[in-house]
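Please look through the model below before reading my points. Keep the sequence beside you as you go.

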Amino acid sequence: MTDTPISFYDEIGGHEVFARLVDVFYDGVAADPVLKPMYPEEDLGPAKVRLLMFLEQYWGGPTTYSEQRGHPRLRMRHAPFHVDPDARDRWLAHMRAAVDALELPPLHESTLWDYLQRAAYAMVSSFEPAGIGPTATGRDTGTLPVRAAEPPQPH
Ligand code: HEM
């Protein structure tokens, strides 16, 4: 007998179940005209592995993510991307299809889905439509009728 509580990762079926989740999710991303171009690499395979490792670690599985990538700092890692409500809703729609494909018992399903929804809402970094606002590469704002305010000058 052991007193070690079983992790959510083990409860829902471990690696195979998480691998299926990200497989179905990335099938959706690959076909999404807004999300697909956001991914810096043409091949979504490596991004899929990073999400898989992260989710497995988050839910009590292997800690490979942190061994390979360090602290997750997900908000910071998403900062270069234009994550607006449209991107969030698309991300969640593909995740919804992926969660459905797992056919989990209702309690497990809602635990997983609640988390994914909260995480996706937390990742939104812009409420401007794509094409407006600062970008990672520093878009030229010279043509926009706005300027940063001058800092107050000491007298
Ligand atoms: C809300 C909409 C979201 C969009 C549009 C989005 C988009 C992206 C993009 C474009 C990348 C870069 C791909 C790569 O090189 O790995 C990425 C990375 C990643 N995303 Fe998201 N993401 C979203 C939400 C989330 C959420 C909710 C999570 C976690 C539950 C998440 C977890 C990750 C992870 C773990 C990585 C890899 C980070 C790394 O180690 O470099 N993302 N995401």
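1. First, the ground rules. This is a predicted model: local features need pLDDT of at least 70, side-chain atom pairs count only at pLDDT 80 or more, and totals for chains, interfaces and linings use all residues. Residues are numbered from 1 along each chain as its sequence is written.

2. Start with helix H3, residues 45–58. Helices are DSSP runs (H or I, at least four residues), numbered from the N terminus. H3 has 14 residues and reaches 20 Å from its first C-alpha to its last. That is close to the expected 20 Å (the expected span is 1.5 Å times one less than the number of residues).

3. Which residues of H3 are buried? They are Leu 52, Met 53, Leu 55 and Glu 56. Buried means that 20 or more other C-beta atoms lie within 10 Å of the residue's own; exposed means 12 or fewer, and partly exposed lies in between, with C-beta atoms placed from the backbone. The cover over these residues includes helices H1 (8–11), H2 (15–30) and H4 (64–69).

4. After H3 comes Gly 60, with a positive phi near 95 degrees. Thr 63 sits in the loop between H3 and H4. Thr 63 counts as exposed because it has 11 C-beta neighbours inside 10 Å. Thr 63 and Met 53 are 10 residues apart in sequence, and their C-alpha atoms are 7.6 Å apart.

5. Now check Arg 73, in the loop between H4 and helix H5 (74–78). Its phi is positive, about 35 degrees, although Arg 73 is not a glycine. Arg 73 has 10 C-beta neighbours inside 10 Å, so it counts as exposed.

6. Glu 103 lies in the loop between helix H6 (85–102) and helix H7 (106–123). Its phi is positive, near 50 degrees, in a residue other than glycine. Glu 103 counts as exposed because it has 7 C-beta neighbours inside 10 Å.

Methods: Helices (H or I, at least four residues) and strands (E, at least two) are DSSP runs, numbered from the N terminus. Two residues are in contact if their C-beta atoms, placed from the backbone, lie within 7 Å.
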